[in-house]
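Q: Please take a close look at a single helix in this protein. I'd like to see how its two sides are set up.

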Amino acid sequence: MLNMSQQPAIYNPVLQDRSLLVVDDEENILKAIQRSFKHTKYRVYTASSAEEALKMLKLHDVQVVLSDFRMPEVNGGALVKDVQLQHPDIVSMILTGQADFHAAVDVLNSGAAYKFLSKPWNNKELIEEVDQAFDEYQQRFIAKSKEHITQQYVKPERVLFDRAAEHLLLQNEKFAVASILVSDLSLLDCYWQQHEPNTSILSSVESIISTYLSPSCEVFEVDVDQLLVIIPESECNANLHDSLVVLGEALSLTCGVDKLHPKLASQLAYAESPFEGSNIAQLVHSIRNISNSDYVEHLTKGQNSDVIRLDAAHLAQKKRKQTIQNSIQQAINSNQFCLYFQPKVNLSNGIVERAEVLMRWEHSSLGWVSPEEFISLSELDGQIEKIGTWLFKKSIADLVTLRKQYGDKVSLAINVSPRQLQTSQIVEEFTYLLQETGLSPECIELEITEGCVIDDLEQTGKILWELKDLGLRIAIDDFGSGYASFAYLSKLPVDVLKLDKVLIDDLETNNDMTDMLKSIIDLCGRMRIEVVAEGVENERQVNMLKELGCHYIQGYVYSRPITRENFEKILINQPFIYPKDAHQ
């Protein structure tokens with residue numbers, strides 16, 4: 001074991017001199033960006049060509065480069081690749097116009113650029129992006145420091161593992177590498193020190209592995225919290241994944257059999273040779289850097305276990321996620337996002353005056369990206385707030401136009417993410433938008449998912465009351481999908497309750513469901529809450545919901561989400577009438 005005084009320190013660097021190099025062949029752009037950063041903490045250097053930029057990097061300690069893409073002789077894409085080769089610690093970003101979007105994405109996917117931004121830029125957003133780039137620089141610095149220490153003080157068994165794996169690759173033998181990563185080590189260490197001082201956590205895990213995997217497997221303790229297992233060709237069969245699933249379950253059960261013994265939390269991943277062009281070091285790095293969110297997403301996509309197979313499909317999905325996350329700002333700036341409208345039908349008269357607005361995105365290289373995909377990714381990296389701001393502005397702009405053309409009864413429902421309800425920023429945004437447009441607030445309905453309310457009732461309730469004070473209408477979305485409780489409704493300013501599709505699907509065949517919906521609708525009536533049924537797919541459901549007293553329906557029986565142009569056609573051709581003899 002190393003003496004602590006011998007170990008080089010790892011620290012979070014606080015950059016005293018934050019230097020940004022801006023590269024553009026247009027002098028007026030260089031001056032404009034310099035003015036944008038005049039009152040910030042950044043020192044800004046400029047260069048008018050790629051050649052000049054590389055010379056500047058040799059003279060000055062620069063952490064972030066912001067380069068125009070289209071430049072004579074050497075473009076920004078080639079420049080950032082040169083920067084990556086000559087100054088691998090520098091974080092590079094590309095400033096590009098829409099015409100260069102495809103080429104910029106290719107550079108981004110190569111790993112040479114951290115992110116690309118679009119022209120024209122917003123000064124505030126540009127500074128925020130540069131802030132994030134400097135944060136990325138510090139994170140890379142920390143990671144490199146840790147990697148340097150690991151290389152200096154690598155555990156002997158990691159060396160043995162590398163040698164064994166490289167030998168198998170040279171022999172063209174088929175094998176698999178499995179990783180068992182143990183989390184919450186501080187908690188486990190406390191237990192081991194008190195109750196099993198002569199054993200280590202990983203040695204205990206290793207004994208469990210030997211019970212559930214073949215004796216021909218080789219186990220290596222490569223880090224303080226990680227074991228790597230080389231699984232020979234004889235075990236690389238269709239049952240390998242299932243065997244690792246059983247191992248994961250055994251680890252959890254075996255290490256949590258009594259009240260004192262803390263439950264072991266482990267993450268399992270594996271890959272089978274050949275390793276898609278990766279060498280052993282790259283493979284181990286990829287496995288080690290599978291994030292917690294990757295495991296969560298793996299489960300939410302219907303996988304029946306939390307064991308991840310690192311294969312071409314997994315790597316392609318990771319690349320796709322990175323492309324989506326890095327393209328969101330560009331999509332906002334260049335209006336790649338658009339709105340679709342799903343009408344809500346008033347069951348009392350067949351009139352459509354309301355709709356839910358839904359975001360759609362046709363990515364320049366990926367095609368149509370589902371909202372579920374880009375919204376969930378933007379929730380993870382914080383970009384959901386930027387998307388939300390775009391959605392609010394665009395929805396209200398469209399609503400102003402629709403009300404001028406089709407009357408002041410037209411209203412729209414806008415979805416709000418859980419993250420947007422964590423601060424008062426959403427209140428400030430709507431305060432500004434209402435003042436700026438003069439729009440009547442009651443024509444805006446904010447849809448909040450039921451789960452979001454339950455997760456943090458106190459904070460969510462506070463923000464919802466502030467939004468309600470502005471005059472906005474509040475809707476609880478997806479009611480019945482998880483909690484189906486009225487306990488919180490009296491504590492919140494709820495105007496609308498949206499019944500989830502799961503409650504509607506069994507309406508025709510389940511009398512208990514019919515009775516329950518009747519009770520819900522009656523109770524909402526006494527609480528002066530409107531009821532909207534989502535996911536209505538046939539006219540029999542429509543008639544039954546009308547008999548139960550439901551106010552509005554929304555679903556494919558009437559319309560899928562449609563463009564604004566088609567929504568306007570519906571507003572003109574009123575009312576919508578269902579065939580009277582549909583179920584006679």
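A: Let's start with the whole chain: of its contacts (heavy atoms within 4.5 Å) with a separation of 6 or more, 69% are between residues 24 or more positions apart. Keep in mind that this is a predicted model, where local features need pLDDT of at least 70 and side-chain atom pairs count only at pLDDT 80 or more, while totals for chains, interfaces and linings use all residues. Numbering runs from 1 along each chain as its sequence is written, and side-chain values use heavy atoms, leaving out hydrogens and water.

The chain has 584 residues, and 48% of them are buried (under 20% relative accessible area; exposed is over 50%, partly exposed in between, with a 1.4 Å probe and protein chains only). It holds 21 helices and 19 strands (DSSP runs numbered from the N terminus: H or I, at least four residues, and E, at least two).

Now zoom in on helix α2, which covers residues 50-59. Which of its residues are buried? They are Ala-50, Ala-53, Leu-54, Met-56 and Leu-57. These five sit on the same side of α2, because they cover an arc of only 160° around the axis (taken from the directions from the helix axis to the C-beta atoms). An α-helix has 3.6 residues a turn, so residues three or four places apart point the same way.

What lies over that buried side?
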